[in-house]
Amino acid sequence: MKISYTVDAAHDGRELRQLVRAPLGLSAKLWKHIKWNGTILVNGKAIRNARLCVRAGDELTLLWQEASPVVPVNLPLAILYEDETFLVINKPAGMIVHPTHRAARDTLVHAVAGYFERRGEASGIHPLYRLDRDTTGIVILAKSARIQHVMTQHHGQIYREYLALVQGHLDRPSGRIDMPIARDITRANHWQVRADGRRALTEYENIASWPSYSLLKIHLLTGRTHQIRVHFAALGHPLLGDTAYDGSCDTIPRQALHAWRVHFFHPDTGKEIRIEAPIPEDMCRLIGSDTVSRETFKEEIK
């Protein structure tokens, strides 16, 4: 990977290490990696002294390897978008994003490592967020730690929209849920609404309803673990299939949650990237293709 930067007047006389966060946008971890394992050039000359003062007009170049240490595995991937900076995947149900133990070889990052190996591409693998094992849909991966750092500084940099099927019918057709979430100390890997938890904000809109369930379009304003699942369970409308939070499995065997749409501005080009993931078959059976088509059409004419 390579970053080139011409020192401007505002940073004249600064030490190299003072440029790490602004204007270079590097995390402390990445800076250490570059300093000890990469190459730093000032006006074409290799530099090791991070305290070196640079002058306006100096040409700074940072070089480092981004190859991932993850073991490559040949697993199928549904690629929605790719460029030199990002890889966007439509994750299936049953696949976790990161390995939870050393023996794991069937995760999304292993599949991406296999994809890069087959292409002969030495890129990093840096998911910008996670989806639960049985949640389907869009996962964005940065190909460098620098871009991961830039894109994850603020939650709102990536607009994420989900589709969820919940039990019953909410009292209001749309609204905002503002309930704090904390770990459930009585059950491992579970979360709950609790007054001493971290603030969690979820916006929703009812798209369609059937006798025993409703289809919601959901936007996360915060990114707490299990946020959508916990919020709607707390309202008495758990997701269909979500047995961890008292959802019924009569109609679907996994939580009916799909990361449907994302849009964000590309950090290198400024271009807006908009991506939509096809609705998985198990959810389509419950809502019908017409419902999804209407929502897609509404988005296109905005």
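**Strands and cysteines**

Analyst: Let's begin with strand 10 (residues 174-178), which has a covered face made of Gly 175 and Ile 177 and an uncovered face made of Ser 174, Arg 176 and Asp 178. Strands here are DSSP runs of E with at least two residues, numbered from the N terminus. This is a predicted model, where local features need pLDDT of at least 70, side-chain atom pairs count only at pLDDT 80 or more, and totals for chains, interfaces and linings use all residues. Residues are numbered from 1 along each chain as its sequence is written, and side-chain values use heavy atoms, with hydrogens and water left out.

User: Which residue in strand 13 is the bridge partner of Asp 178?

Analyst: Strand 10 pairs with strand 13 (residues 201-209) in the antiparallel sense, over 5 bridges. Two strands count as paired if DSSP finds at least two bridges between them. In strand 13, the partner of Asp 178 is Leu 201.

User: Why is one side of strand 1 and of strand 3 left without a neighbour in the sheet?

Analyst: The open sheet has 4 strands in the order 1-4-2-3, with antiparallel pairing. Strand 1 (2-6) and strand 3 (45-46) stand at the edges, so each has a single partner strand.

User: How many disulfides are there?

Analyst: A disulfide is a pair of cysteine sulfur atoms within 2.5 Å. For Cys 249, the nearest cysteine sulfur is that of Cys 284, 19 Å away, and Cys 249 is in no disulfide. By this rule, the count is 0.

Terms used
Buried means under 20% relative accessible area, exposed over 50%, partly exposed in between (1.4 Å probe, protein chains only).
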